[in-house]
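Student: Hi, could we go through this structure together? I'd like to hear about the overall make-up and then some details.

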Amino acid sequence: MLEIILIIVLAVLVVILLALIMRRKHLDKGRFLLANTAVDDLLSSVMNNIASGRIQDVAGSVSDILKKHLGCDRIIFLKYYRSNLELNYISGLKRLDRNSVRVKLNPTLQKKLRSFREVAPISGLKGILSDNYIKKLRSHDLRYFFPVFLRDMLYGVYLISTELAPDNPTLNLLATTLAFNLSTAYHIGLQEQRISKFEDKLRGLADANKTQARAAGTASELLKYLKIRKCEHLIPELLKMLRKDGRFSKLGFYVQSDSPDTQLMAVSWNIPKGADKILRENYGSIVSKIKENDPLDLKDAEKSDKSLADRLKEVRTSNVDYMMSIPWANKRKAVLAWSGKENSGEMARRIRRFGDEALPLIENISRLEKAEELSYTDSLTGMYNLRYFKKRINEEFQRAKRYERNLTLLIFDIDDLKYVNDKYGHLAGDALLKAFGRTLTESVRTNDVISRYGGDEFCLIMPETGHEDAQTFMERIKERIASGKCKIEWGGKSLDYTVSIGGAIYPLDAAVIDGLIHAADMALLRAKEEGRNCAKLYQPEYDRTT
């Protein structure tokens, strides 16, 4: 349970850290400074969530921060429930009829709400909600709204009253952060409910089938795997169970991967390498040409498709006798290839039962993985965020230490981003951040890890990269940016920019992770001091703590 709660609260930490490193400055009229107490309350909310993990506590902290730091003297939260938006929370209003604010959530309204990513005036819903409804909200001095959703899943809508303007950056920062925190809590809670229901179903299956030893054994085995939270770890364990249940002499499993790093997930047991390679390479053809849930005897493969039979010739000669496709998570198909002592009909029946019992579990784990993936993503650039950076720097550092390899860490800082924000507006600054992120992504190797470190800084982890290669890369990317090839067009003008880069190398510059980050940071500071548009690898004299 703790790891699920951490998925929620650590995602919020990303945005909090962005707020912590924002330069404190006064904005235009109608805007104010983000107070330290607001950040403290957000952090306190995170710690309370870690301790309790209850949706009620998350929602309570959201409302408290809205009132304390955004001056919201009237708050209504309409929660999605059975195709309606129902009154769930109210503050600052008396004698409000619950039925008077209930709204039928039709497709048009849902689509409209999804289009709002920030706080917006109530008038933005004109034409979607009735004039009488909007008039009623205004009569209670409810001026703005912001939806609570995760991707396409809407969980509710906040209606608030505040003296701040809807484009106030503090209002939008806190509101969108709090909405993301609450929506993630709802989303994880929903997935936990689904897993709990499936656990109950499996327990019922185990009890109901005590007289059927193998069926009951399958259900009992599945219960052991409910604590596994990664598909890549769960699927091999489920296949071990299937192998044991069906007494297969050879078994292979192939399915399209959810991971962007690999196209196919394959698990095989006792299948020769040559046959396994052919099955991997022809996965697409196999799922398109063989019938779902209908075993194919490879001896008769020519009757179904001669070209496919020719490609699977080596598989047949490797004593793999049958293949079958079954429905899998996210509308995919999994292919199983096998040999066994029992007849094909009995084997196919066991595989179908395996699919029926395992599929709901896989689908729920996939949803949890997607929620976790979302918590690793920077909302502005779509790149990995600080949380993912911390996870990967630890993994790559341990790998470099174990195999005695170099590991380079580079930190990039966009020069004069504040000037761009002040002169052209924050949207121009955001466009520049996105453009630099794309340039950096296009310039690195597939095994390098890029993440947004916060504000105007990006990090790049480069495994097995030494001093010379790191220096060459730094100069190349710096010169590419400075040449103007990566400029952006904004308001009819071309905006050029430069970057400063600091880097450090394990084990040359540091023996621990924090030391490596510190060394790269010291090198970046020296690059900024020497006029910007500069790249520096760490030297001991750069360190200000010695």
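Student: What should I know about the model before we start?

Tutor: This is a predicted model, where local features need pLDDT of at least 70, side-chain atom pairs count only at pLDDT 80 or more, and totals for chains, interfaces and linings use all residues. Residues are numbered from 1 along each chain as its sequence is written, and side-chain values use heavy atoms, with hydrogens and water left out.

Student: What about contacts between residues at least 6 apart in sequence?

Tutor: Among those, 63% join residues at least 24 apart. A contact here means heavy atoms within 4.5 Å.

Student: Switching to rings: how many aromatic pairs are there?

Tutor: The count is 13 aromatic pairs. Rings of Phe, Tyr and Trp (its six-membered ring) pair if their centres lie within 6.5 Å; planes under 30 degrees apart count as stacked, over 60 as edge-to-face and the rest as tilted. One of the pairs is phenylalanine 412 with phenylalanine 436, which is tilted, at 5.9 Å centre to centre and 55° between the planes.

Student: Where do phenylalanine 412 and phenylalanine 436 lie?

Tutor: Phenylalanine 412 is in strand S12 (residues 407-414) and phenylalanine 436 in helix H17 (residues 426-443), so this pair ties together parts that are 24 residues apart in sequence.

Student: Is phenylalanine 436 buried or exposed?

Tutor: Phenylalanine 436 counts as buried, at 0% relative accessibility. Its ring also pairs with that of phenylalanine 458: the centres are 5.1 Å apart and the planes at 70°, so that pair is edge-to-face. Phenylalanine 458 lies in strand S14 (residues 457-463) and phenylalanine 436 in helix H17, so the pair ties together parts that are 22 residues apart in sequence. Phenylalanine 458 is buried as well, at 0% relative accessibility.

Student: Which residues form the aromatic cluster?

Tutor: Phe412, Phe436, Phe458 and Tyr497 form one aromatic cluster.

Student: New topic: where is leucine 279 found?

Tutor: Leucine 279 is in helix H9 (residues 273-281), and it is buried, with a relative accessible area of 1%. Leaving aside neighbours within four places in sequence, leucine 279 is in contact with Tyr254, Ile286, Leu312, Val315, Met323 and Ala337.

Student: Last one, how many bridges join strand S1 to strand S2?

Tutor: Seven bridges join strand S1 (residues 74-81) to strand S2 (residues 84-91), and the two run antiparallel. Two strands pair if DSSP finds at least two bridges between them. Isoleucine 76 stands opposite isoleucine 90 in S2. S1 and S2 form a hairpin with two residues between them, and arginine 82 in the turn has a positive phi of about 50°.

Conventions: Helices (H or I, at least four residues) and strands (E, at least two) are DSSP runs, numbered from the N terminus. Buried means under 20% relative accessible area, exposed over 50%, partly exposed in between (1.4 Å probe, protein chains only).
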